[in-house]
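Let's work through some exercises together on a protein structure. Take your time with each task, and try it yourself before you read the solution.

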Amino acid sequence: MDDSGKEPQKREEKDSTDDAAKLSSQILDIMGLKGKVTKAAPGAYPCGDRDHEKYYAVHHPWSVYDVPVPDMEKAMKRLKEELPQRGWKVTGYGPDSSRAKSLQLGAEFSEKKFKVVITLQDRRGRSKDPSILEVDLGSACFQYPDKSS
Amino acid sequence: MDYKTLKSLKPSEFEDAADGYRATSDMASAAKDRIENLVAPGMRTSLEGKTQEAALQQLKALSQNFHYTQTECGLIATSLNALAHDLASAKRKLDSAVADAQAEKFTVNPDGSVTYPAAGEKTDGKLPEGGTAKGTTDDAAADVYRQSANFNPNPNFGRAQEYANRIAAALQEATEADGEWAPKLRALKADDDLTVSHRDWADVQSDTRGVNKGAKEYLETLGGPPKDGTPQDNAKWWKSLTEEERADYVALRPASVGVLDGLPADVRDEANRTVLAEKRAQFHLELNSFPPMPMKYQPPTSGTTREYREWVERTGGEDRLEFLRNSIKGMDTIQDRFDRTGQGPDGLPRAYLLGFDPKGAGDGRVIIANGNPDTADHTAVYVPGTGTDLAEIGGDLKRSDDLWATTSSKVPGREVSTITWLDYDVPRSAKPVVEGDLIPEASNPKWAIRAASPFSEFMSGVQEAQGGPQASHTTVVGHSYGSTVIGEASKHGDLASDDIVVAGSPGMQTKHADNLDVENGHVWAMKAEGDAVPTLGSLVGLGEDSTVPTDPEFGANVMKTDTDGHSGYWDSDSGRPSLSLKNQAAVIAGKYDEVVLK
């Protein structure tokens, strides 16, 4: 999904954030967990160093919590297996580089130009705060459509 | 004020009226908060474009109206309370004099004079006559009466005169209170247009001064914060006041309440917002009516013209103009933050203005919290570095917002508060030649040394308002010279914090992390690719023995970065937080194992 050199696709912001919401929904479905989900909505942001009046990228961060860790572990396995069946490509699955060596899954949906990183923060024994499944969904750069009419 | 009026006066009626205005003030305050924290954010998500702009403009005006109503009704309530206090004092004196007179079976007449019966030793079979004593408040006349009492065969005369004098004094006191307060209360009438202008807010300032003058005695009964009190002392004093006394004190002294460490965040916020509104209006008015600068030079005469010098002396000249413009810019930036409440994926929480002063220690005072630190589970205080001042505070506020969002998403279900603390005289630059300093101002630790005490006190005040050291997990985050401030404050074992994070630190005035006032292992340092400041700092000796926090021998946890340069530590790419930012958030959230170390 390297868009360096290529002109970003023209898309209405609403269409892009709708896509993000749909993909997040899909991920949540596959997880199949009954817990709390943070209420963040997808938002549009300036894209890297590009002119922020012309270009944007979508970011949707959210988490699932109040779910037992073993269930979260099962959810991660399900994601690894089912995301490819829905058009995603899994780019990584293993411990991250923190001391906790948290399990992290990376995946790409190039057709829709989205990437996701999902991290299982198992906090049992090291914090009173709940363990969480952190989802970080982001898009490539898009271009605002020309203002015609 | 005559005897009949004072006798039947019920000061409690004024207190009841004060309660009514207080209730109105509270209602206006609640409405203002609701607009800012609920209605406006809601409109931003549901409306678009010009409709949204128009709606938000109207809401802002409405919110200003409510704020003005809140402040003025607060002043009216305080005035009525102070008036009631003064009248009650006069009435007590009156009632006491009347009771004493009546106990001796004297008659107090409608005009306040005291009629006494015949008494004393009979001469020629007759008792000395009774009479009527007219009271006086004149000292000379009172003396004459006292002298003549010695010659009066009726012993009642002397005492009746004394009672009449006391009654007269009470009436005079009441008359003075009436005379003092009537014009002040009349001045608290608003003009009849629906716009709250700069002039209206400037009037609030002068109204407050007027009420302060009148309420001097009433204020004395409230006492004031202890002189040179610790945050604990201040908190104790505040808790000792009733709700009403607190409201009156805030109405009369918003600037001093706003800066009192140890007081609850919402109290400081209300007080400082009033100061902000008043100062904004005052500065706009001054700028709008600033006399134009006359010709500065007139060759062939050397030096500046006399007209120019006189203009500088009268108005403060270009320096004052720059100060006004910079202050207004900074105040607009603060208002922008208020307007951002509710935005962003997690919904930026309500802002608390914990400190505000256009001058401060020289670069202005701005202390703003995202979310209420008094109830937060995780609190962070961000101390900016060189070049920061009120006018340029926007970038720092944004960093605090990003820290809040990234930390909050690490601990869903928990309350997070991030605070920007600017309350010190900030050196201009850390790099040579920048800002015209060959040797950068930041190579001198004196600014940090001076900042150490206010910073310590502030942190101690936050801890006090939270309910003690166990109430919240607290992290201080220092950027650049801000880390030197933290080092100074922390060296003497005086920092109310659990963790210390420093980014781009040129030195912390000590050579090992264990010397800082947090538990060993709780100091975290970062230096990004392309950040020259830590090296510069080690050369000028802001760290002891040229040691800076990212040196291995300093003993801090060195965190990995993925950003560039001295100022990129809070960057996000396309909305996604950088590792530099995420690492800070991990420490603030107390998730030490989730930090990626270098």
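**Before you start**

This is a predicted model, in which local features need pLDDT of at least 70 and side-chain atom pairs count only at pLDDT 80 or more, while totals for chains, interfaces and linings use all residues. Residues are numbered from 1 along each chain as its sequence is written, chains are lettered from A and ligands numbered from 1 in the order in which they are written, and side-chain values use heavy atoms, with hydrogens and water left out.

**Exercise 1.** Describe the make-up of chain A.

*Step 1.* Begin with the elements: chain A has two helices and nine strands. Both are DSSP runs numbered from the N terminus, with H or I over at least four residues for helices and E over at least two for strands.

*Step 2.* Now read them in order from the N terminus: β-α-β-β-β-α-β-β-β-β-β.

*Step 3.* Finally, look at the dimensions: along the principal axes, the C-alpha atoms of chain A fill a box of roughly 60 × 30 × 25 Å.

**Exercise 2.** Find the disulfide and work out its handedness.

*Step 1.* Searching the whole structure gives one disulfide over all chains. The term stands for a pair of cysteine sulfur atoms within 2.5 Å.

*Step 2.* The partners are A:C47 and A:C141, with an S to S distance of 1.6 Å.

*Step 3.* The torsion about their S-S bond is about -80°, so this disulfide is left-handed.

**Exercise 3.** How do α15 and α16 of chain B pack?

*Step 1.* Helix α15 (residues 446-466) and helix α16 (residues 481-491) of chain B meet at an angle of about 65°, and their axes are 8 Å apart. Axes are lines fitted to C-alpha atoms, for helices over the stretch in contact, and angles run from 0 to 180 degrees between N-to-C directions.

*Step 2.* The crossing of α15(B) and α16(B) is right-handed, meaning that the near helix is turned clockwise from the far one by less than a right angle.

*Step 3.* Contact (heavy atoms within 4.5 Å) involves residues including B:W447 and B:F455 of α15(B), and B:Y481 and B:I486 of α16(B).

*Step 4.* Sorted by type, the contact residues are ten nonpolar, two polar and two charged. Here Ala, Val, Leu, Ile, Met, Phe, Trp, Tyr, Cys and Pro count as nonpolar, Asp, Glu, Lys and Arg as charged, and the others, Gly among them, as polar.

**Exercise 4.** Which residues lie nearest the centre of the second largest pocket, and what lines it?

*Step 1.* A pocket is an open set of points on a 1 Å grid over the protein atoms alone, where a 1.4 Å probe fits, with protein on both sides within 12 Å along at least five of seven lines; lining residues have an atom within 4 Å of a point.

*Step 2.* The lining has 27 residues, and B:D26, B:Q70, B:A247, B:V250 and B:E270 are nearest the centre.

*Step 3.* The largest share, seven residues, comes from α11(B).

*Step 4.* By type, the lining holds nine nonpolar, seven polar and eleven charged residues.

**Exercise 5.** Locate two backbone features in chain B.

*Step 1.* A cis peptide bond joins B:P299 and B:P300, with omega about 10°. B:P300 is in the loop between α11 and α12 (306-315) of chain B.

*Step 2.* B:S480 has a positive phi, near 55°, and is found in the loop between β8 (473-479) and α16 of chain B.

*Step 3.* For background, most residues other than glycine have a negative phi, and most peptide bonds are trans.
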